[in-house]
Amino acid sequence: MDSVLPGAGRRLLLATLSAAASLVPLTAVPAAAAGAMPPPVRPEDQGDHLTVVVRHAGAGRDGTYEVRCHPSAGRHPDAAGACRVLDAHTRWGQDPFAPVAPGSACTMLYGGPATAHVTGTWAGRPVDASYDRGDGCEIGRWDRMVPLLPRLGGPA
């Protein structure tokens, strides 16, 4: 196959392509460097942040509490303990805030009128969980989350 470009034209084309190829790394570096710094983290974007609203649990227990973990912080009577219990119940592929499974056999034990609503983000996932103490299963579910939820119905 014969080239349609004369020798000088072919050399000029190869020199131009070679020069252009050598500029690619120079142009790619500033673009990569410009995006190398992540945007600042806003407080509302930080993970492991929960809001707990407790009602009808009694004086000193009702209220709205905020918990941040890793590191532990927030307006909660025991933020470090709340983070420890959450970490202890967090397993890959399982929701630590999951409701009692439908069809569970539960004792007909009433644990009182206390309710809690937990919202926020835990382990990168949204949380919207409600708790009550309407039967033995719900009491056990609540008690597994103490001290995130206040201790009720037993020794302090």
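Strand 3 (residues 115–122) and strand 4 (residues 125–132) run antiparallel and are joined by 8 bridges. Two strands count as paired if DSSP finds at least two bridges between them. Strands are DSSP runs of E with at least two residues, and helices are runs of H or I with at least four; both are numbered from the N terminus.

This is a predicted model, with residues numbered from 1 along each chain as its sequence is written. Local features need pLDDT of at least 70, side-chain atom pairs count only at pLDDT 80 or more, totals for chains, interfaces and linings use all residues, and side-chain values use heavy atoms, with hydrogens and water left out.

**The strands around strand 3**

The hairpin of strand 3 and strand 4 has 2 residues between the strands. Ala123 in this hairpin takes a positive phi near 55°. Thr121 stands opposite Pro126 in strand 4. Gly120 has Val127 of strand 4 as its bridge partner. Strand 3 also pairs with strand 1 (residues 49–55), again antiparallel, over 7 bridges. There, Val53 stands opposite His117 of strand 3.

In a regular strand, side chains alternate between the two faces of the sheet.

Buried or exposed: which is Asp128? Asp128 lies in strand 4. Asp128 counts as exposed because its relative accessibility is 62%. The cut-offs are under 20% relative accessible area for buried, over 50% for exposed, and partly exposed in between (1.4 Å probe, protein chains only).

Arg133 sits in the loop between strand 4 and helix 3 (136–144). Arg133 counts as buried because its relative accessibility is 4%.

Each of these residues has a side-chain polar contact. A polar contact is a pair of N or O atoms within 3.5 Å; within protein, one must be able to donate a hydrogen and the other to accept it, and residues adjacent in sequence count only if both atoms are side-chain atoms.

| Side chain | Partner side chain | Polar contact |
|---|---|---|
| Asp128 | His117 | 2.5 Å |
| Arg133 | Asp143 | 3.0 Å |

Asp128 and His117 are 11 residues apart along the chain, and their C-alpha atoms are separated by 7.3 Å. Contact means heavy atoms within 4.5 Å. Not counting residues up to four places away in sequence, Asp128 touches His117, Val118 and Thr119. With that exclusion, Arg133 touches residues including Leu109, Tyr110, Trp142 and Leu152.
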